[in-house]
Amino acid sequence: MNLRKLILTNNACYKAGKTIEPKGIMIHSTGVNNPNLRRYVGPNDGYLGVNPYNNHWNQDRPGGKSVCVHAFIGKLKDGSIASYQTLPWNHRGWHAGGDANNTHISIELCEDDHKDAEYFKGVYKEAVELSAHLCKLYNLSSESIIGHYEGYQRGIASNHSDPRNWFTKHGKSMMNFRADVKKLLTQQPPEERKLYRVQIGAYAIKANAEAQLARAKKAGFTDAFITYY
């Protein structure tokens with residue numbers, strides 16, 4: 001996960017200052033062919049690149065709309081994939097057009113022309129990892145993650161088709177997404193590697209000790225050493 005932070009402090013949503021107790025995560029996608037994070041996140045922090053139109057969302061009501069999400073995932077200026085946190089995670093966002101604003105953390109995926117399988121793969125992986133991170137942070141299950149279209153089906157979001165409109169082009173669904181998040185949540189952390197040091201022999205003659213050290217190093221014990229008493 002490549003998570004950065006640039007809070008949209010000039011957005012009216014942030015200024016409203018309302019908070020929530022997160023109960024789930026809602027996945028959105030932008031619906032337009034522009035994978036660049038700088039289109040939505042700004043100003044340029046050195047990684048985003050310059051938005052020549054200055055139409056990012058770090059303004060009161062971007063494009064005259066009351067919109068703001070907790071995170072965007074897309075391309076940096078060097079073409080790599082990153083996540084940007086744009087609101088505090090427990091801030092009430094303006095993303096769902098319904099009651100999910102009061103319960104869900106929102107992640108917006110920057111769509112492209114739906115033809116770049118590698119870009120989709122990178123964004124999908126980043127979104128899975130960010131979602132797993134948030135699930136751990138707020139003790140959420142993978143089943144608490146829904147797409148915007150699923151929010152509409154449940155009556156807690158406006159009528160949008162995202163991210164299904166993009167996911168299906170690459171053989172993915174929200175069911176796949178939840179399963180992939182669950183895999184990360186159930187993975188066991190690697191066991192801590194333990195090293196056991198064995199000391200062999202004590203010598204009254206320094207030359208004998210040095211000879212034994214040479215044999216140990218030749219046998220592959222490169223961290224062997226002599227201790228003087």
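This is a predicted model: local features need pLDDT of at least 70, side-chain atom pairs count only at pLDDT 80 or more; totals for chains, interfaces and linings use all residues.
Entry 1: I found an open sheet of six strands, ordered 1-4-3-5-2-6, with mixed pairing. At the edges sit strand 1 (3-5) and strand 6 (145-147), each pairing on one side only. I also noted the twist, which averages 25° from one strand to the next.

**Entry 2: strand 1.** Next I looked up how strand 1 is held to its neighbour. Strand 1 and strand 4 (residues 81-85) run parallel and are joined by three bridges.

**Entry 3: strand 2.** How many residues of strand 2 are buried? I counted six of its six, so to speak a mostly covered strand by definition. On one side I see Gly24, Met26 and His28, and on the other Ile25, Ile27 and Ser29, and these are all buried.

I then followed its pairing both ways. Strand 2 runs parallel to strand 5, with six bridges between them, and Ile27 stands opposite Ile107 of strand 5. With strand 6, strand 2 pairs in the parallel sense over three bridges; here Ile25 has Ile145 as its bridge partner.

**Entry 4: the helices.** Which strands does helix 2 lie across? I found helix 2 (residues 117-138) lying across strand 1, strand 2 (24-29), strand 3 (71-75), strand 4, strand 5 (104-109) and strand 6. Helix 2 runs at about 155° to strand 3. Helix 5 (residues 174-186) packs on the sheet too, touching strand 2 and strand 6. I noted that the direction of helix 5 makes about 155° with that of strand 6.

Terms used
Residues are numbered from 1 along each chain as its sequence is written. Side-chain values use heavy atoms; hydrogens and water are left out. Two strands pair if DSSP finds at least two bridges between them. Helices (H or I, at least four residues) and strands (E, at least two) are DSSP runs, numbered from the N terminus. Axes are lines fitted to C-alpha atoms, for helices over the stretch in contact, and angles run from 0 to 180 degrees between N-to-C directions. Contact means heavy atoms within 4.5 Å. Buried means under 20% relative accessible area, exposed over 50%, partly exposed in between (1.4 Å probe, protein chains only).
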